[in-house]
Amino acid sequence: MTALPDLRAQTDALVGLLNGADLSLPVPTCPGWTLADLAVHVGDGQHWAAELVCTGTPPPQPRGTAPEDLEAWLRHGTDLLIEAVAKDPDAQVWTFLGPRPARFWGRRMRNDLLVHRADAALALGREFQAEAATAADALSEGLDLIAASATSGLSPALAMLRGRGVLKFVSTDAPGVWTVRREPEAVTWTAEDGPADVTVSGGAVDLLLVFSRRSSPGRVRVSGDEELLRHWLEHSAF
């Protein structure tokens, strides 16, 4: 499933979680947030990205207030973003990594929503479910963003990932190997298998939850330098 149709499916899944839930419930994986805050973050982000794609430049940051009909507003933001990207997926627009095709924002917001849907499920004590291929794509995109930001110095926090050591993430239920190299001046990754200082293996959804710090490494199998993995997870938020 490509990012744009899946964006609507992810929104529908989030709305299903929120329907009838106590929106004042705290979200442990997003300290300081309630379910209402999470929903507003997602909706604001999609409305903002839709306007950005339409104009090519970033609009002012949203105010962060919840509308009366939260569910309809969430779906409307998704529809706006899908329409904006589908109009010309190759159009060059602003991103925090420099000009990129408009499809960048469809994928970025789909994967952001995927992880926040996990936040909502965990807050509600529900099992988080997702397609293995979707989780694998979110992990790939996450590594793309981390590598670009850490190497360019765009994020001082992510720059702390530069150094020495090789980490490898291996999916056991969807094709996927992610070999990450930490070098003094860059962070890079490839989809090629090879030796690593620490290897993290498990289902793609479990890998994503650990990679995004939504679950502890105890959820997956870790072999090798656990301190290297700990350092990565401590400094890889984006």
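The model is predicted: local features need pLDDT of at least 70, side-chain atom pairs count only at pLDDT 80 or more, and totals for chains, interfaces and linings use all residues. Residues are numbered from 1 along each chain as its sequence is written, and side-chain values use heavy atoms, with hydrogens and water left out.

Five strands form an open sheet in the order β5-β4-β3-β6-β7, with mixed pairing. Helices (H or I, at least four residues) and strands (E, at least two) are DSSP runs, numbered from the N terminus, and two strands pair if DSSP finds at least two bridges between them. The edge strands, β5 (186–190) and β7 (221–224), each pair on one side only. On average, neighbouring strands of this sheet are turned by 15° against each other, direction ignored. Such angles run from 0 to 180 degrees between the N-to-C directions of axes, which are lines fitted to C-alpha atoms, for helices over the stretch in contact.

Strand β3 (residues 166–171) runs antiparallel to β4 (residues 177–183), and five bridges join the two. In this pairing, V166 stands opposite R181. Strand β3 is also joined to β6 by five bridges, but here the strands run parallel; F169 stands opposite V200 of β6. The pairing of β6 with β7 is antiparallel and spans four bridges, with S201 opposite R221 in β7.

In a regular strand the side chains alternate between the two faces of the sheet. In β6, V198, V200 and G202 on one side and T199 and S201 on the other are all buried. Five of the five residues of β6 are buried, so this strand is largely enclosed by the rest of the structure.

Helix α5 (residues 132–152) lies across β4 and β5, at about 155° to β5. Helix α8 (residues 226–235) lies across β3, β4, β5, β6 (198–202) and β7, at about 85° to β3. Contact means heavy atoms within 4.5 Å.

The largest nonpolar core has 68 residues, and those with the most contacts inside it are L74, L81, W105, L167, F169 and W232. Helix α5 gives the most to this core, with 10 residues. A nonpolar core is a set of buried Ala, Val, Leu, Ile, Met, Phe, Trp, Tyr and Cys residues joined through side-chain atoms within 4.5 Å. Not counting residues up to four places away in sequence, L81 touches L7, Q46, A49, A50, V53, W105 and M109.

The whole structure holds 13 salt bridges, each a side-chain nitrogen of Lys or Arg within 4 Å of a carboxyl oxygen of Asp or Glu. In one of them, the closest N and O atoms of D119 and R214 are 2.7 Å apart. D119 lies in helix α4 (residues 103–123) and R214 in the loop between α7 (204–211) and β7, so the pair ties together parts that are 95 residues apart in sequence. Both residues, D119 and R214, are buried.

K168 and D193 form another salt bridge (2.8 Å, N to O). K168 is in strand β3 and D193 in the loop between β5 and β6, 25 residues apart. K168 counts as buried at 10% relative accessibility, whereas D193, at 57%, counts as exposed.

Within helix α8, E227 and R230 lie three residues apart, about one turn of the helix, and their side chains meet in a salt bridge (2.0 Å, N to O). E227 counts as partly exposed at 45% relative accessibility.

How values were computed: Buried < 20%, exposed > 50% of the residue type's maximum accessible area, 1.4 Å probe, protein only.
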